[in-house]
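Please read this report alongside the sequence and the model. It takes the strands, the helices and the nonpolar cores in turn.

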Amino acid sequence: SDLDCHNDPLFTPIPVLSLKGRLNELRKLPSGKDDNADKRFEDLAVQLLASLLYPHLDFAADQVRTESGAQIRDLIFYNGRSMDFLQDIHETYHSRQLVFELKNVKAIEGSHINQLNRYLSNEFGSFGVLVTRNPLPKPMFKNTIDLWAGQRKCIVSLTDQDLDMMVAVQESRQRNPIEVLKRSYVEFVRSCPV
């Protein structure tokens, strides 16, 4: 229920210097699974996003689910609707919780988008975020637009470069890091057919 969606008084965001350290470590990781790079990417992404998106999104859980033999790590945030963008996501996509799927891959493939798409349902509404290393290849971006056109599902991505920008914005204190996610959403919506 909405009563559960309040700021966690026990959560302390990571200081900027530590965020930069974790970001540098994440940037040096190779994409893929070698030497547990995928697990380390997920750990670092969880720590970065939980701090960077706070207090606008409250870290709810990170969970592992298995889908046809593949382990998938998700990061779930409560949507407290504390800003216009989040209110819009709630109203348009019925997302009281936001799912971020963590993918340490060089290029997102159709199967990754399909996995997240299948997960976007009642509990999570129709808005999801792929956290991955690079921008979606053109055919995959088109795939997300087609999903929107056919099912009104919205899947946006956050890349290494976006995480760079989020940390820089946090350091400058001029804006909120969540605005980087908002920018990704706005770019997505502008690409959708009217």
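## Basis of the description

This is a predicted model, in which local features need pLDDT of at least 70 and side-chain atom pairs count only at pLDDT 80 or more, while totals for chains, interfaces and linings use all residues. Residues are numbered from 1 along each chain as its sequence is written, and side-chain values use heavy atoms, with hydrogens and water left out.

Helices (H or I, at least four residues) and strands (E, at least two) are DSSP runs, numbered from the N terminus. A residue is called buried under 20% relative accessible area, exposed over 50%, and partly exposed in between, using a 1.4 Å probe and protein chains only.

Strand β3 (residues 97-103) has seven of its seven residues buried, so it is largely enclosed by the rest of the structure. Q97, V99, E101 and K103 point one way from β3, whereas L98, F100 and L102 point the other way. Strand β4 (residues 127-132) is likewise largely enclosed, because six of its six residues are buried; F127, V129 and V131 point one way from it, and G128, L130 and T132 the other way.

β3 and β4 pair in the parallel sense over five bridges, where pairing requires that DSSP finds at least two bridges between two strands. Within this pairing, V99 has G128 of β4 as its bridge partner, and L102 stands opposite V131 in β4. On the side of β5 (residues 154-158), β4 is again joined in parallel by five bridges, and the bridge partner of F127 there is C154.

## Crossovers and helices

β3, helix α4 (residues 110-119) and β4 make a right-handed β-α-β unit; right-handed means that, with the strands pointing away from the viewer, the path from the first strand over the helix to the second runs clockwise. The chain then crosses from β4 through helix α5 (residues 138-151) to β5, and this β-α-β crossover is right-handed. Helix α4 is largely enclosed by the rest of the structure, because seven of its 10 residues are buried, among them H112, I113, L116 and Y119.

In helix α7 (residues 178-191), the 14 residues should span 20 Å at 1.5 Å a residue, and the end C-alpha atoms are 20 Å apart, which agrees; the expected span is 1.5 Å times one less than the number of residues. I178, V180, L181, S184, Y185 and F188 are buried in α7. Seen down the axis, the buried residues of α7 fall within an arc of 165 degrees, so they line one face of the helix; the arc is that of the directions from the helix axis to the C-beta atoms.

A nonpolar core is a set of buried Ala, Val, Leu, Ile, Met, Phe, Trp, Tyr and Cys residues joined through side-chain atoms within 4.5 Å. The largest has 42 residues, and those with the most contacts inside it are L49, F100 and F127. Helix α2 (residues 37-52) gives the most to this core, with eight residues. Leaving aside neighbours within four places in sequence, L49 is in contact (heavy atoms within 4.5 Å) with residues including F100, L102 and V131.

D38 also lies in helix α2, and D38 is buried, with a relative accessible area of 11%.
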